[in-house]
Amino acid sequence: MDDKEFFRAVAERSGLSRQEAADLTRATLDTLGHRLSAGEARDLALELPEPLRGSLQSGQGEMEIFGPDESIRRVGEHTGLTEPEAARGVRAVLNTLQEAISQKEFAHAMSQLGKEYAQLVESTR
């Protein structure tokens, strides 16, 4: 899956335009980059299309601990989306991420993020 396909899938899942989906994807990956350990963010980035890798790795530094609600708040703040739009968008990005990378890498990331994040993915199935 290349970056354009990724954005298209996020747009379809979220009901946003492709440009909004692109901004949303970058903001969500940036937020995840702050939430994951540097090693996990790097491993995850290696499985993403090249143009998306920098978004995930921009947050590398000390891992921050926060839940999905804070992730949604940060994404909304970064993109200007409302909270419901950002929540729907974060779910769309996580589900698209699940399709775009290996099951093993997705499981590693979810284990580090915790069950509340996994429930965001499950809530859209």
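Visitor: Is Glu40 buried or exposed?
Guide: This is a predicted model, and in it Glu40 belongs to helix H3, residues 38–46. Its relative accessible area is 8%. Because the limit for a buried residue is under 20%, Glu40 counts as buried.

Visitor: Which residues does Glu40 touch, not counting residues up to four places away in sequence?
Guide: Contact here requires heavy atoms within 4.5 Å. With residues up to four places away in sequence not counted, the partners of Glu40 are Glu105, His108, Ala109 and Gln112.

Visitor: How far apart in space are Glu40 and Gln119?
Guide: Along the sequence, Glu40 and Gln119 are 79 residues apart. From C-alpha to C-alpha, the separation in space is 20 Å.

Visitor: Is Phe106 buried or exposed?
Guide: Phe106 sits in helix H7, which spans residues 103–113. Its relative accessibility is 6%, and the limit for the buried class is under 20%, so Phe106 is buried.

Visitor: Which residues is Phe106 in contact with, leaving aside its neighbours within four places in sequence?
Guide: The criterion is heavy atoms within 4.5 Å. Once neighbours within four places in sequence are set aside, Phe106 contacts Leu94, Leu97, Gln98, Ile101 and Val121.

Visitor: What distance separates the C-alpha atoms of Phe106 and Arg8?
Guide: Phe106 and Arg8 are 98 residues apart along the chain. Their C-alpha atoms are separated by 20 Å.

Visitor: How many salt bridges does the structure hold?
Guide: Side chains of opposite charge can pair when their charged atoms come close. The cut-off is 4 Å between a side-chain nitrogen of Lys or Arg and a carboxyl oxygen of Asp or Glu. The number of salt bridges in the structure is 6.

Visitor: Which residue forms a salt bridge with Glu99?
Guide: The closest N and O atoms of the pair are 2.4 Å apart, and the cut-off is 4 Å, so the pair qualifies as a salt bridge. The partner of Glu99 is Arg13.

Visitor: What lies under Arg74, and at what distance from the ring centre?
Guide: A charge sits over a ring if CZ of Arg is within 6 Å of the ring centre and within 35 degrees of the ring normal. Arg74 lies over the face of Phe66, and the distance to the ring centre is 4.0 Å.

Visitor: How many aromatic pairs does a search of the whole structure find?
Guide: Ring centres would have to lie within 6.5 Å to count as a pair. Over the whole structure, the number found is 0.

Visitor: Is H2 roughly parallel or roughly perpendicular to H6?
Guide: Helix H2 (residues 18–35) packs on H6 at an angle of about 80 degrees, with the axes 10 Å apart. Because angles of 65 to 115 degrees fall in that class, H2 is to H6 roughly perpendicular.

Visitor: Which residues of H4 make the contact with H2?
Guide: The axes of H2 and H4 come within 6 Å and cross at roughly 45 degrees, which makes H2 oblique to H4. On the H2 side the contact involves Thr25, Arg26, Leu29, Asp30, Leu32 and Gly33. On the H4 side it is made by Leu52, Ser55 and Leu56.

Conventions
Residues numbered from 1 in each chain as written. Predicted model: local features only at pLDDT ≥ 70, side-chain atom pairs only at ≥ 80, totals over all residues. Heavy atoms only, no water. Phe/Tyr/Trp six-rings, centres within 6.5 Å; stacked < 30°, edge-to-face > 60°. Axes fitted to C-alpha atoms, helices over the stretch in contact; angles between N-to-C directions. Helix = DSSP H or I, 4+ residues; strand = E, 2+ residues; numbered from the N terminus. Parallel < 35°, antiparallel > 145°, perpendicular 65-115°, else oblique. Buried < 20%, exposed > 50% of the residue type's maximum accessible area, 1.4 Å probe, protein only.
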